[in-house]
Amino acid sequence: MVYKYKFKENNIVLDVNSGAVHTVEEIVYDILDFYKIETEEAIIEKLKDKYSRTAILEAVNDIRELESAGMLYSDDSHISMEMLEQKEPVIKAMCLHVAHDCNMKCRYCFGDQGAFEGERSLMPFDIGKKAIDFLIERSGTRRNLEIDFFGGEPLMNFEVVKQLVEYGRSIESKFGKCIRFTITTNGILLDDEKADYINGCMDNVILSIDGRPEVNDNMRKTSNGKGTYKTIVRNFKKFVDKRDGLYYVRGTFTKENLDFSNDVAHLSECGFNSISVEPVVLPASVPFALDESDLDKIMEEYDRLADLCIEKEKKGKTFEFFHFNIDLEQGPCVIKRLSGCGAGTEYIAVSPEGDIYPCHQFVGNKKYLIGNLKDDQYKNFLYEQFNSAHIYNKEECRKCWAKFYCSGGCHANALNINGDIMKPYVFGCELERKRVKCAIGIKAELYK
């Protein structure tokens, strides 16, 4: 499968199965429309008014050389069933819901303002300790493990967070493991003491903010209905100024801020150089949910963000938009390209009560309750269902040129919108394809 598109003055051609990306001359770009379906003479006849016979034959030969080298029209014979469906359940990442409570009341919150369809609660240390033991025990030969402290708002249970980090560090070397800790916070409670601890102990930090003051405060309010922008921007700026490690400020855009490139620009002007702004995923019945009528505007915004990335890069300014991060040389491993985040197989989430779910977005949905840390025996009865939910088992994914970048999309989004993890969220697919085109286009523009 070959896919081609134009980005500014660049003619970009992707060989889907090999992952090869080419910027080509106009003549090659045009010939590819006919290369596999027409003879040389037919191609010459079709393009004779634009190119000479000699030029066409030389370009056809260039295409043949790329094809022979496995860089165009390659097949996917290197993908085996062993790659597609792992047989040994190994867990390498865990989302610890240390707080099913929150000091904010965001309008779009998928987690019921922190309660996740249950009672508000905080994870006790003994449950978190069991969770870390559980992860290490079921991680097989995996050395590098990940734990994300999540909520609700995890800073509401910060003493337990610190105890769990200390416990994890105290046992990781004993089992030949290296735990990478991450925390996601809304920033309300992010004082100097907590900031210093997080900067010293967390490998990655997600800071939640939606952008411009009026946009953020429209969605992200305190529990008593007040805006949060001033407090969290102050806290986040102080935090980032001290940070010497990975972080992202992460926002959400809805129908009410379709000009979200301005929110990214605003966050950049505030001094944040690692930014992610995600599309809200909600049922169509929600007034500010995104739908197909918004697509054209969203595509324009991604183009504007691409321009912003190029502009800042050319000026030598550090700036990173999460969805435009792409590695064209190595990229993620084959398994990750086929099945994405590993929800329900390599990745699980644990509630404050010790309940185990496929990922944080499934927490509270009892149909997807896998078990509990207190159970004598643990068996993930959903393993096969999630293990088989890869791009070769999804009809829409098999024929998509972006399948090895998208990896089939988010299982939770597919379930929430279509009621089936095997049916990709089509609106999200459109956005992902656009983001990939922009990400590759930015590289083509910067390094031509």
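**Notebook: a predicted protein model**

I began with the secondary structure and counted 17 helices and 14 strands in the protein, where helices (H or I, at least four residues) and strands (E, at least two) are DSSP runs numbered from the N terminus. I noted that this is a predicted model, in which local features need pLDDT of at least 70 and side-chain atom pairs count only at pLDDT 80 or more, while totals for chains, interfaces and linings use all residues. Residues are numbered from 1 along each chain as its sequence is written, and side-chain values use heavy atoms, with hydrogens and water left out.

**Overall form**

Along the principal axes, the C-alpha atoms fill a box of roughly 75 × 50 × 45 Å.

I then checked burial (buried means under 20% relative accessible area, exposed over 50%, partly exposed in between, with a 1.4 Å probe and protein chains only), and 53% of the 448 residues count as buried. For contacts, meaning heavy atoms within 4.5 Å, I found that 70% of those between residues at least 6 apart in sequence join residues at least 24 apart.

In helix H2 (residues 40-47), I recorded Ala 42, Ile 43, Ile 44 and Leu 47 as buried, and the cover over the buried residues of H2 includes helix H1 (26-31) and helix H3 (53-68).

In helix H6 (residues 158-172) I stopped at Lys 162, whose side chain makes a polar contact of 3.2 Å with that of Glu 159; such a contact is a pair of N or O atoms within 3.5 Å, where within protein one must be able to donate a hydrogen and the other to accept it, and residues adjacent in sequence count only if both atoms are side-chain atoms. An α-helix has 3.6 residues a turn, so residues three or four places apart point the same way. Leaving aside neighbours within four places in sequence, Lys 162 is in contact with Glu 193 and Tyr 197.

Not counting residues up to four places away in sequence, Lys 434 touches Met 299, Tyr 302 and Asp 303.

Cys 270, in the loop between helix H10 (261-269) and strand S10 (274-279), counts as buried at 15% relative accessibility. Beyond its neighbours within four places in sequence, Cys 270 is in contact with Tyr 229 and Lys 237, and from C-alpha to C-alpha Cys 270 lies 9.9 Å from Arg 212, 58 residues away in sequence.

**Backbone entries in loops**

The peptide bond from Gly 151 to Gly 152 is cis, with omega near 20°, and I placed Gly 152 in the loop between strand S6 (144-151) and H6.

Tyr 73, in the loop between H3 and helix H4 (81-84), has a phi near 55°, a positive value in a residue other than glycine, and counts as partly exposed at 22% relative accessibility. Ser 407, in the loop between helix H15 (403-406) and helix H16 (411-418), has a positive phi of about 65° although it is not a glycine, and counts as buried at 6% relative accessibility.
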